[in-house]
Amino acid sequence: MPETLLTSGLEDYLECIFNNIEAHGSVKAISISKELNVSRASVTDALHRLASKNYIDYERYGAILMTSKGKEKAKEVIAKHRVLTLFFERVLNLTEEEASENACRIEHVITENAFSRLREYTESFIEGNK
């Protein structure tokens, strides 16, 4: 079965959920709302959409749990964010804030081929500048 594509917004929710579960062991909708600066209704809608695509297990007022599919996708998005941030900080000398902001925008649209080449370049650039 082909992977269901996620919007950039849903990828942001998935990343937020994953990071909070990793850091705190769990996450609540109110925390997601505050972190992403969106309404509770938007969070609830996103959680239902992620659950319908089998990225999370969610029932209203229940725990938000990630499926293995959700964890895998979240890790992909986070890896892209990290590599892009490193590229912008170390190669282009952008501030941490500007690097992260641009990484967040680009991580959702970059092709796998372009990302793979950017990652290789960034790794070799950093290795060569030690």
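**Pockets and cysteines**

Analyst: The lining of the second largest pocket divides into four nonpolar, one polar and seven charged residues. Here Ala, Val, Leu, Ile, Met, Phe, Trp, Tyr, Cys and Pro count as nonpolar, Asp, Glu, Lys and Arg as charged, and the others, Gly among them, as polar. This is a predicted model: local features need pLDDT of at least 70, side-chain atom pairs count only at pLDDT 80 or more, and totals for chains, interfaces and linings use all residues. Residues are numbered from 1 along each chain as its sequence is written, and side-chain values use heavy atoms, leaving out hydrogens and water.

User: Which residues lie nearest the centre of the second largest pocket?

Analyst: A pocket is an open set of points on a 1 Å grid over the protein atoms alone, where a 1.4 Å probe fits, with protein on both sides within 12 Å along at least five of seven lines; lining residues have an atom within 4 Å of a point. This pocket is lined by 12 residues, and nearest its centre lie E11, K73, E76, K80 and E112.

User: How many disulfides does a search of the whole structure find?

Analyst: A disulfide is a covalent bond between the sulfur atoms of two cysteines. The search counts a pair of cysteine sulfur atoms within 2.5 Å. The sulfur of C104 is 11 Å from the closest cysteine sulfur, in C16, so it is too far for a bond. The number of disulfides found is zero.

User: Is C16 buried or exposed?

Analyst: Buried means under 20% relative accessible area, exposed over 50%, and partly exposed in between (1.4 Å probe, protein chains only). Because its relative accessibility is 2%, C16 counts as buried.
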